[in-house]
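I opened the model today to look up a few local features, and I keep my entries here in the order in which I made them.

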Amino acid sequence: MILFATLVQAALLSGVLILGPLMVERLRRGRPLPPGRGRVFGYFACLGLAFLFVEIAFIQRFVLFLGHPLYAVAVVLCAFLVFAGAGSAASRRLAQRLNKSGITRLTPVGAAVAAIAVIAVAYVYLLPPLFGWLAPYPDPVRIAATLVLIAPLAFAMGQPFALGLSAVAEHQPELTPWAWGVNGCFSVMSAVLATILAIHWGFTAVIVLAAGLYLTAGAIFHAPLPSRP
């Protein structure tokens, strides 16, 4: 009951404090939102939910491996933030190289979300035996192994938001603050929602659901946004 109450409070407060000002500003200007807003909202909502789903689930996965919840939170959270930031910074350059190479028919966002889904689901099966093999090693080795394992997943997770925001800024700049607001709103709720889902279905289900959300975001992004005339 406490978790459900927290989720309701998070939803209400995030709506008031994040989306509320955006709506007031839109009403103050007296202009309707441009076309494509539903796809933008859906895309960034999926990213907001999925990123924290993966983060919360992997913090729980690494608790036993690192030996203490504080170690897991500090190391896993640091790894996700650092490598996701690196992925965001490199996203445009990687997208240009991917488009020029023609090695895949996937868009840069499609390639990123596919990589996220494959790595996240693969780790569900690969991490337990790896943890058993690495468990006897001292803390510095296990911390280094944690960083190495999380790096490719977090690097890929940092790209969809940056690429999506660039596309919105190019085609529908008026929706840019909405993209930030929607993503922030659902990010606030997702941490609590991930815990509720894990209690009922387990953290493996949360990871699989996050992979599905990333793939859904890729499908939403597939068609180009209509540009404002």
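**Entry 1: a methionine and its surroundings**

I found that methionine 189 counts as buried because its relative accessibility is 12%, where buried means under 20% relative accessible area, exposed over 50% and partly exposed in between, with a 1.4 Å probe and protein chains only. I placed methionine 189 in helix 7, helices being DSSP runs of H or I with at least four residues, numbered from the N terminus. I noted that methionine 189 and glutamine 9 are 180 residues apart in sequence, yet 9.1 Å apart in space, C-alpha to C-alpha.

**Entry 2: basis of the values**

I remind myself that this is a predicted model, in which local features need pLDDT of at least 70 and side-chain atom pairs count only at pLDDT 80 or more, while totals for chains, interfaces and linings use all residues. Residues are numbered from 1 along each chain as its sequence is written, and side-chain values use heavy atoms, with hydrogens and water left out.

**Entry 3: leucine 13**

I located leucine 13 in helix 1, residues 2–29, and it counts as exposed because its relative accessibility is 52%.

**Entry 4: the lining of a pocket**

Helix 3 gives the most to its lining, with five residues.

Methods:
Helix = DSSP H or I, 4+ residues; strand = E, 2+ residues; numbered from the N terminus.
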